[in-house]
Amino acid sequence: MASPPRRVSSPLLYSLPSLLLFHASPICPSSFFSRFLSSYSSSSMAPQEAAAASVTQKTEEAAPRKNRVTVVGSGNWGSVAAKLIASNTIRLPSFHDEVRMWVFEETLPSGEKLTDAINTRNENVKYLPGIKLGKNVVADPDLVNAVTGANMLVFVTPHQFMEGICKRLAGKISGDVEAISLIKGMEVKMEGPCMISKLITDQLGVNCCVLMGANIANEIALEKFSEATVGYRENKEIAEKWVQLFSTSYFIVSPVQDVEGVELCGTLKNVVAIAAGFVDGLDMGNNTKAAIMRIGLREMKAFSKMLFSSVKDSTFFESCGVADLITTCLGGRNRKVAEAFAKSEGKRSFDELEAEMLQGQKLQGVSTAKEVYEVLSHRGWLQFFPLFATVHEICIGTLPPSAIVEHSERTPK
């Protein structure tokens, strides 16, 4: 806070007693002193006001720009992310209080618009019922309007929607904007796999960090202790800003200079979670599940390093790595739906089960398994990743769920 402007002294102040005596003299007209004071007041206060205005102007010019945040996405995890962020923007002076959240507009069974419900009740009644988001969270169904003026963009939507979102935002984002992706998945193109963070950077022209970790959204919404990892490329200062924005007493965030490693951990663990769900659905027991998780972690590491030589071994021991793998294989939607698939002996499709069990939320593991399989097939790597390959073949009905433990054991090279 700027100090108040220094009072400007004038020699005229010291002449007031004598002026009072002079005013008492009968030879001085009664109006003289009042006219003099009026003249003195206007002439002496002008410099003070000018000085104050100058200080205010300089303070405003020197004050750093406040960061404005928009969350692009409003599902289960997107709503929790908005809650975390809103609890920090309202107390941190470097951020605007308001957090805008883009909502893909839906009509609730009551006929009410989802956006109106969120703004009226301060709660995402469909995807995070019973949890208050913070009064400074404002839902907006207009994507372009939601991001206008924001210089920190948080992307948290199903990965299969991101290309379309980026196309709608292309050319609409200007200035010094930073992005972060909480999205677990990748796009597979003719030229090869494309991570979501790179898709955002390429199409929107902004730097993009990532946040991944052992983060089951409903538990974080209830403020149960959890951790996460921010992956960044070169600018640690930006990473620390994201850490500051997300961190709370119950949500601990750490930065790691390894965007690809952090992002691939978050992406690939969903494929392993599908395998763990098959094991649970067939009641194969904890030993089998532990073996599947170990093989899955090994394939995650090998696949990541074969795609990006820069990926660090240490990243797999962060929250985004082994911790996320464990929690996703013990809970989470991918394991849950895969368990139901195995119990039906593959007779019910994942699409059917997703619609029945997830209330509009989307699976990531099934589509990611398909994308990973395409990369493995195109590059001739299928033999090195038996678990990943088997998960996809079970998902499409080529193999029965029991095949999850019948694949040949080979070490990726």
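Buried, in these notes, means under 20% relative accessible area, exposed means over 50%, and partly exposed is in between (1.4 Å probe, protein chains only). I started with C395, which counts as buried at 14% relative accessibility.

**Ground rules**

I am working on a predicted model, where local features need pLDDT of at least 70, side-chain atom pairs count only at pLDDT 80 or more, and totals for chains, interfaces and linings use all residues. Residues are numbered from 1 along each chain as its sequence is written, and side-chain values use heavy atoms, with hydrogens and water left out. My helices (H or I, at least four residues) and strands (E, at least two) are DSSP runs, numbered from the N terminus.

**Cysteines**

I stayed with the cysteines and asked how many disulfides there are. I took a disulfide as a pair of cysteine sulfur atoms within 2.5 Å, and by this rule the count comes to 0. For the record, a disulfide is a covalent bond between the sulfur atoms of two cysteines. I then checked C208: the closest cysteine sulfur is in C209, 6.9 Å away, which is too far for a bond. C208 is buried, with a relative accessibility of 1%.

**Nonpolar cores**

Next I looked up the cores, each a set of buried Ala, Val, Leu, Ile, Met, Phe, Trp, Tyr and Cys residues joined through side-chain atoms within 4.5 Å. The largest has 53 residues, and those with the most contacts inside it are F278, F303, F350, F388, V391 and I404. I listed the elements that give two or more residues to this core: β8 (207–212), α10 (259–281), α11 (286–307), α12 (319–330), α13 (333–343), α14 (350–357), α15 (365–379) and α16 (386–395). Which of them gives the most? That is α10, with 13 residues. I also noted a second, separate core of 46 residues, which includes C209, L211, I238 and W242. As background, nonpolar side chains tend to be buried together in soluble globular proteins.

I picked F388 and asked what it is in contact with, taking contact as heavy atoms within 4.5 Å. Leaving aside neighbours within four places in sequence, I found L268, V271, V272, G296, E299, M300, F303, V372 and L376.

**Aromatic pairs**

I counted 9 aromatic pairs in the structure. My rule: rings of Phe, Tyr and Trp (its six-membered ring) pair if their centres lie within 6.5 Å, with planes under 30 degrees apart counted as stacked, over 60 as edge-to-face and the rest as tilted. F303 and W381 are edge-to-face, 6.5 Å centre to centre with 90° between the planes. This pair links distant parts of the chain, since F303 is in helix α11 and W381 in the loop between α15 and α16, 78 residues apart. Both F303 and W381 are buried. The F341 and F350 pair is stacked, because the ring centres are 4.3 Å apart and the planes are at 15°. F341 is buried at 4% relative accessibility, and F350 is buried too, at 6%. I also found one aromatic cluster formed by F303, W381, F385 and F388.

In α4 (114–121), I marked L114, T115, A117 and I118 as buried. They cover an arc of only 165° around the axis, so they lie on the same side of α4; the arc is that of the directions from the helix axis to the C-beta atoms. What covers these buried residues includes β2 (95–102) and β3.

Just after α4, N122 takes a positive phi of about 60°, and N122 is a residue other than glycine. N122 lies in the loop between α4 and β3. Is N122 buried or exposed? At 14% relative accessibility N122 counts as buried.

K132 lies in the loop between α4 and β3 (137–140) and is partly exposed, at 49% relative accessible area. Not counting residues up to four places away in sequence, K132 touches K83, R121, N122 and E123. For R121 I noted that its backbone oxygen lies 2.9 Å from a polar atom of the K132 side chain.

**One more positive phi**

E223 has a positive phi of about 65° although it is not a glycine. I placed E223 in the loop between α8 (217–221) and β9 (226–231), where E223 is partly exposed, with a relative accessible area of 44%.

How values were computed: A polar contact is a pair of N or O atoms within 3.5 Å; within protein, one must be able to donate a hydrogen and the other to accept it, and residues adjacent in sequence count only if both atoms are side-chain atoms.
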